Amino acid sequence: MNAKKRVDRPRIDHDPLLAEKIVRANTPEKALNAMEKDLHLVEAARATDNRIVSLDDAARRYFCATSAIAGELRQILWVNPAMETERPIQWLEEGAPNEEERLIRPPA
């Protein structure tokens, strides 16, 4: 795929303002470490199509909790491809449409 130039690698800049909001959210150390590890996914999603496909449900929960302070996270859709109940294949076949239940949101 790389040799045939079918892989698009957009330039993704680190977002220090978002990183600072995550730190200021009084996030527990365990959650902070998980979010720092996956922040590149969020930055890539924001620079492209606002979609993340990841197995890491813990990071997803942490980003959801932090989205109360970091509103820019609430634009991102997240799907776990291993969760059959999330219908990941069907969602992708349909063009990964915006669906409210996939959005990163603070817990109710």
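## Helix packing and selected residues

At 3% relative accessibility, threonine 66 counts as buried, the cut-off for that class being under 20% relative accessible area. The model is predicted. Threonine 66 belongs to helix H3. Leaving out residues up to four places away in sequence, threonine 66 touches Ile22, Ala25, Thr27, Met35 and Leu73. Of these partners, Met35 is also among the buried residues of helix H2, and both Met35 and Thr66 take part in the contact between H2 and H3.

**The H2–H3 contact**

Helix H2 covers residues 29-47 and helix H3 covers residues 57-66. They pack at an angle of about 95 degrees, and their axes are 9 Å apart. This makes H2 roughly perpendicular to H3, because angles of 65 to 115 degrees fall in that class. On the H2 side, the contact is made by Lys30, Ala31, Ala34, Met35, Asp38, Leu39 and Val42. H3 contributes Ala59, Tyr62, Phe63 and Thr66. By residue type, the contact of H2 with H3 divides into eight nonpolar, one polar and two charged residues.

**Helix H2**

H2 has 19 residues. From its first C-alpha to its last it reaches 27 Å, close to the 27 Å expected at 1.5 Å a residue.

An α-helix has 3.6 residues a turn, so residues three or four places apart point the same way. The buried residues of H2 pack against helix H1 (16-24), strand E1 (51-53) and H3.

Serine 67 is located in the loop between H3 and E2. Is serine 67 buried or exposed? Its relative accessibility is 0%, and therefore serine 67 counts as buried. Neighbours within four places in sequence aside, serine 67 is in contact with Leu73, Arg74, Ile104, Arg105 and Pro106.

Asparagine 26 sits in the loop between H1 and H2, while arginine 87 sits in the loop between strand E2 (77-79) and helix H4 (88-93). With a relative accessible area of 71%, asparagine 26 is exposed. Arginine 87 has a relative accessible area of 34% and is partly exposed. Residues up to four places away in sequence not counted, arginine 87 touches Glu99, Glu101 and Arg102.

**Pairs separated along the chain**

| Pair | Separation in sequence | C-alpha distance |
|---|---|---|
| Glutamate 93 and glutamate 43 | 50 residues | 24 Å |
| Threonine 48 and arginine 11 | 37 residues | 9.9 Å |
| Arginine 61 and leucine 39 | 22 residues | 13 Å |

In the pair of glutamates, glutamate 93 is found in helix H4 and counts as exposed at 68% relative accessibility.

Where does threonine 48 lie? Threonine 48 is placed in the loop between H2 and E1, and its relative accessible area of 47% makes it partly exposed.

Arginine 61 is in helix H3. At 52% relative accessibility, arginine 61 counts as exposed, the class being defined as over 50%.

Terms used. Residues are numbered from 1 along each chain as its sequence is written. This is a predicted model: local features need pLDDT of at least 70, side-chain atom pairs count only at pLDDT 80 or more; totals for chains, interfaces and linings use all residues. Side-chain values use heavy atoms; hydrogens and water are left out. Axes are lines fitted to C-alpha atoms, for helices over the stretch in contact, and angles run from 0 to 180 degrees between N-to-C directions. Helices (H or I, at least four residues) and strands (E, at least two) are DSSP runs, numbered from the N terminus. Angles under 35 degrees count as roughly parallel, over 145 as roughly antiparallel, 65 to 115 as roughly perpendicular and the rest as oblique. Contact means heavy atoms within 4.5 Å. Ala, Val, Leu, Ile, Met, Phe, Trp, Tyr, Cys and Pro count as nonpolar, Asp, Glu, Lys and Arg as charged, and the others, Gly among them, as polar. The expected span of a helix is 1.5 Å times one less than its number of residues. Buried means under 20% relative accessible area, exposed over 50%, partly exposed in between (1.4 Å probe, protein chains only).
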